[in-house]
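I opened this structure for a first look. My notes follow in the order I looked things up.

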Amino acid sequence: MPEIIDISVPLVPEMPVWPGNTGVRIVPLRRMATGDKNNLSGLDCGLHTGTHVDAPWHFGPVVEGKPAKRIDEVPLEWCYGDGVLLDFAHKRPYDPITVIDPMKELDRIGDSLKPRDIVLFYTGHYDRHYGKPEWLINYSGFTEEAAAYLLEEKRIKNWGADTPSPDAPGNLAYPVHRVTRRTEIPHMENLYNLHLLAGRRFTFYGFPLKIRGGSGSPIRAVAMMD
Ligand SMILES: [Zn+2]
């Protein structure tokens with residue numbers, strides 16, 4: 001059996017969420033301990049909670065003159081495939097990931113991306129700051145040029161990091177989110193355990209729930225090791 005590495009954060013009531021996203025409530029609807037016939041739980045949370053994928057529609061209604069895809073319209077083919085990890089743990093918070101960084105890291109690991117790869121980025125942010133106020137503000141974001149290099153030049157099909165956003169903290173113009181919408185390439189946020197993938201190739205799986213008209217969805221992201 002191939003080794004499967006879980007790279008999703010747990011959903012728990014006290015977990016941090018991005019502003020505007022409702023917090024997590026896990027509601028005990030029925031409990032056998034109090035005489036019910038079964039145990040039944042409810043879940044209430046924003047769709048951009050924990051490890052999740054953003055639909056192109058999250059940042060605008062139109063892509064190249066056509067309606068932007070909502071989460072239930074995202075092709076499942078975009079959500080699994082050949083994966084590679086780029087290690088940016090040496091980056092300090094606020095230090096931008098520029099176009100030269102993925103080039104240098106690919107050189108270092110002796111890999112070159114192929115079109116349709118899924119690329120994950122380990123920055124160490126989760127290990128340093130998850131659960132603290134710094135989690136929302138103290139991370140490395142990509143420059144618009146770095147995003148354009150990966151998405152338009154290297155033509156990867158999906159990407160994600162262990163940070164709450166691919167944009168630089170405080171950049172309310174969201175230039176990287178806009179590159180992802182323009183190229184109709186989804187991105188994932190709040191991945192976890194990515195250090196376990198360093199230097200290895202793997203097959204990535206991270207499917208969204210089929211939520212009609214949704215802007216995104218939590219995913220159970222895993223890496224199946226080659
Ligand atoms: Zn999101």
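I began with what covers helix H3, residues 144-153, in this predicted model. The cover over its buried residues includes helix H1 (100-109), strand S8 (118-122), strand S9 (158-161) and helix H4 (175-183). I listed the buried residues of H3 next: Ala146, Ala147, Tyr149, Leu150 and Leu151. After H3 comes Arg155, and I noted its positive phi, near 55 degrees.

Then I turned to S8. How many of its five residues are buried? I found five of five. Ile118, Leu120 and Tyr122 point one way, while Val119 and Phe121 point the other way. In a regular strand, side chains alternate between the two faces of the sheet, so I had looked for such a pattern.

Which strands pair with S8? I found strand S7 (residues 80-87), joined to S8 by five bridges. S9 is joined to S8 by four bridges. Both pairings run parallel. On the S9 side, Phe121 is partnered with Ala161. I also traced S7, H1 and S8 as a β-α-β unit, and it is right-handed.

Last, I stepped back to the whole chain. I counted four helices and 13 strands. The C-alpha trace spans about 60 × 40 × 40 Å along its principal axes. Why does a radius of gyration of 18 Å agree with a compact globule? For 226 residues such a globule would have a value near 17 Å, so the chain agrees. I noted 36% of the residues as buried. Among contacts with a separation of 6 or more, 76% join residues 24 or more positions apart.

Notes: Residues are numbered from 1 along each chain as its sequence is written. This is a predicted model: local features need pLDDT of at least 70, side-chain atom pairs count only at pLDDT 80 or more; totals for chains, interfaces and linings use all residues. Helices (H or I, at least four residues) and strands (E, at least two) are DSSP runs, numbered from the N terminus. The radius of gyration is taken over C-alpha atoms; the globule rule is 2.2 Å times the number of residues to the power 0.38. A residue is buried if 20 or more other C-beta atoms lie within 10 Å of its own, exposed if 12 or fewer, and partly exposed in between; C-beta atoms are placed from the backbone. Two residues are in contact if their C-beta atoms, placed from the backbone, lie within 7 Å. Two strands pair if DSSP finds at least two bridges between them. A crossover is right-handed if, with the strands pointing away from the viewer, the path from the first strand over the helix to the second runs clockwise.
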